[in-house]
Amino acid sequence: YEKARDIYLHILTREKAEYVPFVQLGYAYALARLGHDKEAVSAYGKMANVSQRLNNVIAGDGDAFLSEGRVGFARRLYGLLGATESEREEYQLRYALALVNVGKDYDNDALNFRRDELLGDRNFYHEAEGILRRLEKSSNPDIAHDAEVGRDANRLHKGLLADSRRGLKKLLEEADAGDAAALAVKSEYERNPQHELKTFYRESLDDDNNRERSAGASYESYWGNNFYVSREVSRFWLRDGKTKAVYWQSASGLRRQFDWGSVYGELTRYSGTGKKYGFRAELEYEFNDLTKLSLEVGRRMHRHAAAVAEGVSENYRSVRLSHILTPRLTVEGSYEWARLSDDNKFRSYSADVEYLLQVGHNFRDKLRAEYSKEKYAEERAYDSPWRRDDYSVGFARKWDFPKIQTSWELTTGLGWSRDNDEKTSFSPGMRLEYTKGFADNQSLVVGVTLVRYFNKEESDDERKHRKSGYVLDISYNWGW
């Protein structure tokens, strides 16, 4: 892009931009690719509203940058377009619909993979909703109609199925003839999976000889009026040295989706423990498309073999905040505190940073850094160690093979941890995850993590530290 910029600039020093408009647009595009957003917008602005053809090129570039998560830059490009109020509304509508349909199928595996990895789990619901709500009041009936259809599609992608269905029904009843745009969204609604079944198995062993196995199944279904019901049944096998605990856990939940987030409530029943019931209530609030806050309260078994064997439960609170700093950088922090039924207290903190390095035609690279701290107020049989600090940095590469619906992801990491007042230990590790897609929204995920521990001091209790640990997790998912 540096060479392209220099070539375009060389031509523009000898020719007026209006005589070579596509050279000017190429120069603007090269500047944008080099990260010079301010200069790029200025260069695009020289060709904005010269002709509809050039405007369409600028809008197309905006769509391309949007699919990479560069929504701020795409917004500025679309903001250049339109010489009259009517034209500005048309381009704002196009921009809003691009936000709504950013996850569309490109009929190109490489483009789909690149878009999916650049965007991650990100969507642009809130920005699109604000624009479309304003355009619904347009004096141009075509723009107002398309804005209504766009809102219905936006709600569908957000999980607001009842709102989307009501809007589509109203549009189709009012249409004298077939409403092609509304019918297209209705078809998407009918294809949208409303049920999800997941079966899973997980097994792990850490440096402190804590062994855990769990297996179960979970199910979530759309109930109506933006409510989703869920059910999960699982069995746990825990072992800590000589102490064993085995119990069943069944949970029934209800979630209500809103445009600003969601509210979730869950009742849990235990079998094989000293406690019979638990609960969880969670509120997720989205400030915008970049920042999300999660608050959770509940009661549950303190999941440690000795704690379960003694019937120790916990009343806990947690708060989690995630924010997308840039299209490639995401940060998340969480804090949890709990009072245990034996009057002990527990606190934990964590911070995660994830940076997207690059996306190729079928691979993606990320860097990750994590920190966590856990601490009990008093030392008990189940809390060895009673204080632990963990640090880790890692590199992850994912390979995608769309022809066979398969992907592999390899994560290598370096970890450091400190138990109580012991010296810091070193624990390099790696994880390999395999994902296989099948017809009818089915997929299999298998992950294996191996960790090696160095410089671990022996504790005062009977348990000896292990020099290696592992995690195995398997899940099968089916949506319909």
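1. Basis of the note. This is a predicted model, in which local features need pLDDT of at least 70, side-chain atom pairs count only at pLDDT 80 or more, and totals for chains, interfaces and linings use all residues. Residues are numbered from 1 along each chain as its sequence is written, and side-chain values use heavy atoms, with hydrogens and water left out.

2. Overall composition. The chain contains 12 helices and 17 strands; helices (H or I, at least four residues) and strands (E, at least two) are DSSP runs, numbered from the N terminus. Along the principal axes, the C-alpha atoms fill a box of roughly 85 × 55 × 40 Å. Of the 480 residues in the chain, 42% are buried. Here buried means under 20% relative accessible area, exposed over 50%, and partly exposed in between (1.4 Å probe, protein chains only). Among contacts with a separation of 6 or more, 51% join residues 24 or more positions apart, a contact being heavy atoms within 4.5 Å.

3. Packing of H9 on H10. The axes of H9 (residues 141-158) and H10 (residues 161-174) come within 7 Å and cross at roughly 150°, which makes H9 roughly antiparallel to H10. Axes are lines fitted to C-alpha atoms, for helices over the stretch in contact, and angles run from 0 to 180 degrees between N-to-C directions. Angles under 35 degrees count as roughly parallel, over 145 as roughly antiparallel, 65 to 115 as roughly perpendicular and the rest as oblique. The crossing of H9 with H10 is left-handed, that is, the near helix is turned anticlockwise from the far one by less than a right angle (clockwise would be right-handed). On the H9 side the residues in contact are His145, Glu148, Val149, Asp152, Arg155 and Leu156, and these meet Leu161, Asp163, Ser164, Gly167, Leu168, Lys170 and Leu171 in H10. By class, this contact has 5 nonpolar, 3 polar and 5 charged residues. Ala, Val, Leu, Ile, Met, Phe, Trp, Tyr, Cys and Pro count as nonpolar, Asp, Glu, Lys and Arg as charged, and the others, Gly among them, as polar.

4. Packing of H10 on H11. H10 also packs with H11 (residues 180-191), at an angle of about 145° and with the axes 10 Å apart. H10 passes H11 in a left-handed crossing. Leu161, Ser164, Arg165, Leu168, Leu171 and Leu172 of H10 make the contact with Ala182, Leu183, Val185, Lys186 and Tyr189 of H11. This contact comprises 8 nonpolar, 1 polar and 2 charged residues.

5. H8 and its cover. In H8 (residues 125-135), the buried residues are Tyr125, Glu127, Ala128, Glu129, Ile131, Leu132 and Leu135. Their cover includes H5 (71-79), H6 (85-100) and H9.

6. Asparagine 154. This residue is placed in H9 and is buried, with a relative accessible area of 4%. Its side chain reaches the backbone oxygen of tyrosine 125 at 3.2 Å. Beyond neighbours within four places in sequence, asparagine 154 is in contact with Val100, Tyr125, Ala128 and Glu129.

7. Serine 138. Which side chain makes a polar contact with the side chain of serine 138? It is that of glutamate 89, at 2.7 Å. A polar contact is a pair of N or O atoms within 3.5 Å; within protein, one must be able to donate a hydrogen and the other to accept it, and residues adjacent in sequence count only if both atoms are side-chain atoms. Serine 138 lies in the loop between H8 and H9 and counts as buried at 11% relative accessibility.

8. Positive phi values. Two residues other than glycine may be inspected here. Aspartate 107, in the loop between H6 and H7 (109-119), has phi near 60° and is exposed, at 72% relative accessible area. Aspartate 343, in the loop between E9 (329-340) and E10 (345-359), has phi near 75° and is exposed, at 54%.

9. Leucine 290. The loop between E6 (277-286) and E7 (291-301) holds leucine 290, which is partly exposed at 32% relative accessible area. Not counting residues up to four places away in sequence, leucine 290 touches Arg122, Ser322, His323 and Ile324.
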